[in-house]
Structure formats: C-alpha cells, structure tokens
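Please look over the model shown here alongside this note. The points that follow take up helix packing and then salt bridges.

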Amino acid sequence: MKFKILYVEDNNPETIKQELSYVFDVTSYDPTTFEHVIAHIRNHDIDLLLLDFRLTSKEAIYDAPTLAQTIRTQHETLNHKDLPIVLISTEENISGYYSDYTSQDLFDFAITKKELLENVEKYSTRFRELIRAYSKISVVNANPNLNLLELLNVPELLRAGFNKRILELLASDKNSSDVYMASDFILNHIVIPSGVLISEHILLARLGVSDKSEGWSKLKSKFEQYKYTGVFSESYDRWWFQGVEQWWLEISPDAPYLKSLKASEKKFILESELGENNLKVAEKSEHSSSDYFWTICSENKTPLDPIDGFEVNKIIEPWEDKEYFSIAAATELDPQEFLKKVTALAGKRFIEMIKDN
C-alpha cells in the first residue's frame, strides 16, 4: 500500500503530483479559507503533508507556517495531528524562511520545488523515512515499557558506553510525549551531524584513506557490524564511531589513537595489519598544512584537520562535532557571505589571512 501525501498548493500542482505519484498516493488540494483547509486535513487519512509556503486564496491570505502551527499545537485537540510536514516553495531562499521557523517547531524540513523535481528519488526516500519514523515513534511513545533508544538499533557491544546525555533526552517528557520533537531530535541531533554517528566522508578522513581507493569497498565492509540501521538509515549512511574506534584498537594496539596519527601512518597500519595494498592515502586540500585528518570541509567534503579549518558558527549539542570550512573553500566563497557563516574568531583569522596575502 502506498503512503498518502496531501499536497496543499494554490497554483498548478500537477508536475510535482505526477512525479511523486510513482511512489505515493498523492492528492492535491486547492485551498480556500483557512478553516476549510484545516477541516480537510483533519478529516482525511494523511501520512505526510506537503505545504506550499505562500497560500493566497480569494477569501483569505495565510501561509504554510500558520497552518503548521495549528496542526502541531497539541492543546488544539480537534486539529492536532502527528504527521510529517514538509515546506515547499518556488523561492530559492526558502532555507532562510525555514531557519526562522525551525525554532518554532513547525516543519520537518524545507525544499524548493526545483530541488524536489531534480532529486525525486532522494526526497521520496526522505518522505518515506519520515512517515515510518513518525509511525514507530508513535508506537514507542504510546507504550510505557518501550524506549526511543530502541529505534536507533544500537549494537549490543556499544550499549554500555552509550552517551548518557542522549539517553536522558530520549527519555525526556518533551521527546516521549511529542512525536515531531522526538523525530527532529533523532534526525537532526543524532543521525545527520557527525558525533556518535559519522558519515562515509568522515570515516574515510579519520582512516586517512582516499575515496578513490580501489580497496575502499573491501575495507568498508569490515565495519558492517557498526553500520547504523535505525530510523532514517535508508536516507543516511552512517557508522557508530565508538565501534570504529574499538575496531582500530583491535588491529593497532601499539598505535591505538586514530586522532594522533597522520593519514600516511594510518594507511601504513591498514596495509600491514590487513594485508591491503590497494589503498590510496587521503590528500590535503589546497592551502592546508596538516594531514592529521579528523573532519571534512562543510563545503566540498574534503578531509581536513580542524587546525586548518574555519569553524562554522552553529549551535550544537555537546556530543556533536564542530563543523569547518577548509581554506580552499573559504577563498572560493563570497567573503561577506563566508564571514556570516563562521565564528567571530574564525572570521578574524580569515581577514588576517587575506591581509597577509
């Protein structure tokens, strides 16, 4: 059975409706009054709500955030629904609008119509994952004997050392009583950011290996038991970094700390201990000086030692890793826009670097 999407759009919805209909049962709705839209959402079986940002009817003027606020508010017993709400717009600066509304806990994410039509398969998977996550979270939150931790499928070997603060927040009243909040916490503070889970790009960087290595697939298979398999794992390839560290300790007891080794040293250990001879060492990006790689450039995903990076100005949880721009990326971006994206200290460093050159 196909999941059901309601697409609320006051312009022509047919192109997007047609593209999504290969995977979903999509119904479009041309909004009239605010009350009629809310009644339609309330009275129909919907798995995901896709809302055009600006909705202007002949009888009233309102927008997607106003609708989302009514649906999300739990004390609005009659109108409240636990379902994913995705914001969509023709406006290219939708991410700017979205950042304003994330603090109000309204949307699961935002996307332009152009992005959706160019990446239908990618976003269809994200829609599907959101729907499944909401369903699973609803079941857990309705059962006092279940815990949201179970949705992460943490390997048994790693459970004893799992981050205590994350455990507390997963069990908090906020996440155990609100499906949207729990979904948002898991997706945006556990799955997507580097921290307890890491992406393939960061796994490569921390192992000192180039993604152009012929032997990468074989090496990557050795971490299969530490591959993330919980909610949203279809959309995001992630690995439990604690497991990767344990694996490294087993193969390299004499040099157990990945962070203290150069990329070339890590490649040498991998080759000598595993008999691999078709790995390429990860290389520094232009202008970088260190190959003690631990992260990646936020802009171009190249391996990076944080000492060579400019820290992104972003509020993160204690278990999340800081993000950085490489020097190469910094010099390619518009200086004024770049300075808005980094911390004051990083910006000062960047200005001094420009003056010196």
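At what angle do helix 2 and helix 3 pack, and how far apart are their axes?

1. This is a predicted model, in which local features need pLDDT of at least 70 and side-chain atom pairs count only at pLDDT 80 or more, while totals for chains, interfaces and linings use all residues. Residues are numbered from 1 along each chain as its sequence is written, and side-chain values use heavy atoms, with hydrogens and water left out.

2. Helix 2 (residues 34–43) and helix 3 (residues 64–72) pack at about 45°, and their axes lie 11 Å apart. Helices (H or I, at least four residues) and strands (E, at least two) are DSSP runs, numbered from the N terminus; axes are lines fitted to C-alpha atoms, for helices over the stretch in contact, with angles running from 0 to 180 degrees between N-to-C directions. The two helices are therefore oblique to each other, a word for what remains once angles under 35 degrees (roughly parallel), over 145 (roughly antiparallel) and 65 to 115 (roughly perpendicular) are set aside.

3. In the contact between these helices (heavy atoms within 4.5 Å), F34, V37, I38 and I41 of helix 2 meet T66, L67, T70 and I71 of helix 3. The residues of this contact divide into 6 nonpolar, 2 polar and no charged, where Ala, Val, Leu, Ile, Met, Phe, Trp, Tyr, Cys and Pro count as nonpolar, Asp, Glu, Lys and Arg as charged, and the others, Gly among them, as polar.

4. The structure holds 17 salt bridges, each being a side-chain nitrogen of Lys or Arg within 4 Å of a carboxyl oxygen of Asp or Glu. One of them joins R128 to E234, with the closest N and O atoms 3.8 Å apart. R128 lies in helix 6 (residues 120–141) and E234 in the loop between helix 11 (216–220) and strand 9 (239–240), so the pair ties together parts that are 106 residues apart in sequence.

5. A salt bridge also links D321 with R206, the closest N and O atoms being 3.0 Å apart. Because D321 sits in the loop between strand 12 (310–311) and strand 13 (324–325) and R206 in helix 10 (residues 200–207), this pair ties together parts 115 residues apart in sequence. D321 is partly exposed, with a relative accessible area of 26%, whereas R206, at 3% relative accessibility, counts as buried; buried means under 20% relative accessible area, exposed over 50%, and partly exposed in between (1.4 Å probe, protein chains only).
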